[in-house]
Amino acid sequence: MPQAVEAFIEEARAWLDAAAERAPAASKGWGEGEFSVAVFPVRTPDEERAFLDTLAAWQQRKAAEGYHAITMPTEFGGLGLSDDHALAFARIEAEYDVPGRHELFSVTTGLVAPTVAAVGTEGQKARFVESFLTASSWCCQLFSEPGAGSDLASLACRADRDGDRWILNGQKVWSSGAHLSEWGILIARTDPTVAKHRGLTAFLVPLDSDGVDVRPIKQISGSESFCEVFLSDVRIDDDLRLGEIGSGWSVALTTLAHERANSSRRGATHRPGGSAQQVLDTARAFGGTEDLVLRQRLAQVVAHERIRLLSTARVAGARRAGASPGPEGSIGKLFWVNGLAPRGDVVASVLGPRLVADTGEWGSYGWGEHVLGAPGYRIAGGSDEVQRNIIGERVLGLPGEPRVDKDVPWNEIPR
């Protein structure tokens, strides 16, 4: 009989009281404490590694009780409990002074680990799942390519069989945290003579292999969290193949399903990029609430966030009733992303030159990281256009986009 959520919360809170300090108030008043509204925090490589070390240490401390993987089966060190239990723990954990989030942490523990648990061999499960769940090693996604982002199945990275080994050649891009990772989950083309979705295979690639070149991409905000990865005659053993040959598309969908589920859980407790309350506080501090037009725009920002939270609660309710992660995740992601730009626009109107020239005034120049980083989330985790297609086809039942190359062998598609 699964443990009741109420009893679980009581036990978890007792453990957290012993393991961590209560978090200080985000701000005791305007001008006090830390002010952060960054979408992609700007850190040096050394700062990134130090932060990941802190995250890993906390994750491993939680692992002693199974709190690091609440919904995962006990065979992987988890608790085998429900999403309700996981959400409850996330909410009370947020009350304590514990490390925040990092994209590489979410990918490793929330996407790759459950993918290997679902499709890996027994040997792969024993080798990787616990290591990834406890953040003892890091794994990035090697999916998107310069010519295959939104249309992932068009990817050109090749994997050619050579006895018991595979030779990898190609380029991946937008791989968050690749420069800090030991492993990458990669989708490559193993058969170019069949339709694009059917000729793909998944692999786990050690990123210290000969022929792997990881290059961070400098973003306009100063962040270097994204990378491009070049693979030149990289040789890996067949025991690093994930799933059957030709099942790479299915493996990718498994990973992306976990991404939607992970996004829904995070949406209920945490999102980067600041909050509507911080927008409102900034407007009050700098006189923006005196302008009638700005007041209307502020009201729209606050209403948008409130509706998003209600929508997230509705999805969580459906999950409690037994529904699987579905296209609702696309609605939540799109709704959240579309709320970022209006926040930045309102704040820019309030702050004026303070947004781009650091006057030293608390709560002003920090918004620049938000404004410069927000557009990146329009493509991160699936572009806006892809999310709209999912919503249109799977929620509204609209006809699918014309796909003239759906059943055409990949090597016969014009490029």
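Predicted model: local features only at pLDDT ≥ 70, side-chain atom pairs only at ≥ 80, totals over all residues.
A cavity here is a set of grid points where a 1.4 Å probe fits but cannot get out.

**View 1. The largest cavity and the residues around it.** By that definition, the largest cavity comes out at about 40 Å³.

**View 2. Another arginine over a ring.** Here it's arginine 215 that lies over a ring face, that of phenylalanine 230. The distance to the ring centre is 4.2 Å.

**View 3. Leucine 186 in strand β4.** Strand β4 covers residues 183-189, and leucine 186 is one of them. Buried or exposed? Leucine 186 counts as buried because its relative accessibility is 0%. Skip the residues up to four places away in sequence, and what leucine 186 touches is Leu142, Cys157, Lys172, Thr201, Ala202, Phe203, Val205 and Leu231. For a sense of scale, pick out glycine 366, which is 180 residues along the chain from leucine 186; their C-alpha atoms are 36 Å apart.

**View 4. Threonine 201 and its polar contacts.** Beyond neighbours within four places in sequence, the contacts of threonine 201 include Leu186, Ile187, Ala188, Arg241, Glu244, Ile245 and Gly248.

**View 5. Serine 137 in a loop.** Serine 137 belongs to the loop between α5 (122-133) and β1 (139-142). With 9% relative accessibility, serine 137 counts as buried. Which side chain does the serine 137 side chain make a polar contact with? That of serine 131, at 2.6 Å. Neighbours within four places aside, serine 137 is in contact with Thr108, Ser131, Phe132, Glu182 and Trp183.

View 6. Search the whole structure and you get twelve aromatic pairs. One of them joins phenylalanine 35 and tryptophan 362 in an edge-to-face arrangement, 5.0 Å centre to centre with 65° between the planes. Phenylalanine 35 is in the loop between α1 (5-19) and α2 (45-63), while tryptophan 362 is in the loop between α9 (328-351) and α10 (367-373), so the pair ties together parts 327 residues apart in sequence. How accessible are the two partners? Phenylalanine 35 has a relative accessible area of 18% and is buried, whereas tryptophan 362, at 24%, is partly exposed. The cut-off for buried is under 20%, so the two land in separate classes.

**View 7. An aromatic cluster.** Phe8, Trp15, Trp58, Tyr67 and Phe89 come together as one aromatic cluster.

**View 8. Aspartate 83 in helix α3.** Helix α3 runs over residues 83-93, and aspartate 83 lies in it. Aspartate 83 counts as buried, with 14% relative accessibility. From aspartate 83 to glycine 332 is 249 residues in sequence but 17 Å in space, C-alpha to C-alpha.

Note on methods: Residues numbered from 1 in each chain as written. Heavy atoms only, no water. Helix = DSSP H or I, 4+ residues; strand = E, 2+ residues; numbered from the N terminus. Buried < 20%, exposed > 50% of the residue type's maximum accessible area, 1.4 Å probe, protein only. Contact = heavy atoms within 4.5 Å. Phe/Tyr/Trp six-rings, centres within 6.5 Å; stacked < 30°, edge-to-face > 60°. Lys NZ or Arg CZ within 6 Å of the ring centre and 35° of its normal. 1 Å grid on protein atoms, 1.4 Å probe; cavity = no way out; pocket = protein on both sides within 12 Å on 5 of 7 lines; lining within 4 Å. Points joined across faces, edges and corners; volume = space filled by probe spheres on them. Polar contact = N/O pair within 3.5 Å; in protein donor to acceptor, adjacent residues only side chain to side chain.
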